Amino acid sequence: MSSFWRNRFTGFAAIITTAIMLVAFGALLAVNDTLDNMIAALGRRTNLVAYLLDDAKPSEVSALIKDLSAKPDVAEVIFVSREDAAEAFRQTLSELAQVLDVIETNPFPASIEVRMLDPSGALRLADDLRGKSSMVEQVLVRADVVDRLQRISRLTRIGGAVLVVGLGAVTLFVIFNTIRLAVYSRREEIEIMKLIGATDWFVRGPFVLEGAFIGLVGAGLAALTVLIGYQRLSATFNSLVAFLPIETETTFVTNLSLFTVLVGLVIGSVGSYFSVRRYLGA
Amino acid sequence: MIVFHEVVKVYETGACALDNVSFNIAERDFVFLVGASGAGKTTLIRLVNKDQEPTSGSIFVDGMNITRLRRQDVPGLRRKIGVIFQDFKLLSNLTVAENVAFALKVVGEHDRRSPARVDEALDTVGLAGRAGYYPGQLSGGEAQRVAIARCLVTKPPVVIADEPTGNLDRDTAWETVQLLVRINAIGTTVVVATHNRELVDTMRRRVIALDSGRVVRDEVGGGYHD
């Protein structure tokens, strides 16, 4: 600790750099987890929604539902009336429910929700439904949405990984140099230690511990930031996509925090170990 | 105790620091290592302490061929060899007692007997009353005696002093060497590298003289220039 205090300015810089890197790391993992959860949630929901024209004939709608139910690759067909749609809106976005009281007419169309046994057939079925222009206003295929989310998820992973690796390299470099300064400031003591017969680890140990301390404190700050940020942001996010029941595991953030601390500890220890080896030969 | 067998040391620059040096220093010997600056005295000491490697030849310390020593065994070798330097090499932020105790911590022998061992070492060098002083508060001779105490506290079988009187006045230099003689008398092998002609000529101990990296004289009861 006395060695850290002697070079505290560079030490604090190393802590802040570590914290920033690990916040980015934690945020990346949280975003990817959320995207994965969204994709999974969408996968469990209906694959296709056909929004009906307001003047669609009930008999034609019933016949369509019967046809769809008979298809071998369709698992489930659900008719959602305009009233049901309005009620669902009130339930899922309760803070906006009062908007409906202001509007005199029900803005929600009726729809037919289809869940496929094999989602790959959704696009073909969607084309069929779009052909029934006398009844169907619009067909939304969730597979498109899932595809888009998966593409976003892939990009986020790749881009995030590049960012984290870059920041990680910077963090290692800062810790490396912080320990190098610590070694330099204690060079006299180290010289005497080695002459008296200190083992490599006796010389190296305190510096590796110093690096581990930097990594641990930086990781602690990062874990706290991620924990608070995740709780605040996920509440906001869930309210924005309330129509999508995303299941977030309560243990995820705890595990993420612990993992962040572990990563910080490892980076701090590894950075300082190699710095000591390089500049001490120990 | 220390055996050099046809040792050659050539630096990367091509300078030959030691040229086919051979000698045998037995246990309990007291040896002056003399020669002009650049004769090879410091190189010889650094080879014994495995601070450097010889270009060729063999070096034995306490029966162990140190030229074949593995890296992890070097600390063990250095614990057998106490080295005293011209510039004392004390830690200015530690007291006299803490400087001496530092050696015990480094070799892993710091326990509840340490204070007694430190007191004994300081008593041997006549500095029992200076335990709480800092190096900056000591005279040159006292600082050198602290360095000797730090060297002695771990009880090494060999003590090598590299120009221990170089920064001291005549009387203090004499006292320092007498201290080394007392250490030798209780069984420690002592090697003193020195320019101090008067000391060597007065004490008439074994003298190994180096000139341009070669042993030119190895004489019991010799002087600086015979």
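User: Two strands pair if DSSP finds at least two bridges between them. With that in mind, what is the bridge partner of Val83(B) in β7(B)?

Analyst: Ile160(B) is the partner of Val83(B) in β7(B). Strands here are DSSP runs of E with at least two residues, helices are runs of H or I with at least four, and both are numbered from the N terminus. One caution: this is a predicted model, where local features need pLDDT of at least 70 and side-chain atom pairs count only at pLDDT 80 or more, while totals for chains, interfaces and linings use all residues. Residues are numbered from 1 along each chain as its sequence is written, with chains lettered from A and ligands numbered from 1 in the order in which they are written.

User: Thanks! How many bridges join β6(B) to β7(B)?

Analyst: Five, and the strands, residues 81-85 and 158-162 of chain B, run parallel.

User: And is β6(B) buried or exposed?

Analyst: Five of its five residues are buried, so the rest of the structure largely encloses β6(B). "Buried" means 20 or more other C-beta atoms within 10 Å of the residue's own; 12 or fewer is exposed, in between is partly exposed, and C-beta atoms are placed from the backbone. Ile81(B), Val83(B) and Phe85(B) cover one side, with Gly82(B) and Ile84(B) on the other.

User: Switching to helices, which residues of α4(B) are buried?

Analyst: In α4(B), residues 114-124, they are Arg117(B), Val118(B), Ala121(B) and Leu122(B). Down the helix axis they fall within an arc of 135° (taken from the directions from the axis to the C-beta atoms), so they line one face of α4(B). Ala116(B) and Asp123(B), on the other side, are exposed.

User: What covers the buried residues of α4(B)?

Analyst: The cover includes α3 (96-106) and α5 (140-152) of chain B. As an example of contacts (C-beta atoms, placed from the backbone, within 7 Å), Val100(B) touches Val118(B), Ala121(B) and Leu122(B), among others.

User: Which residues touch the most other members of the largest nonpolar core?

Analyst: Val100(B) is one of them, along with Leu33(B), Val48(B), Ala147(B), Ala149(B), Ile160(B) and Val192(B), in a core of 109 residues. Helix α9 (residues 200-240) of chain A gives the largest share, 12 residues. A nonpolar core is a set of buried Ala, Val, Leu, Ile, Met, Phe, Trp, Tyr and Cys residues joined through C-beta atoms within 7 Å.

Technical notes. Contact = placed C-beta atoms within 7 Å. Lists of a residue's contacts leave out its neighbours within four places in sequence.
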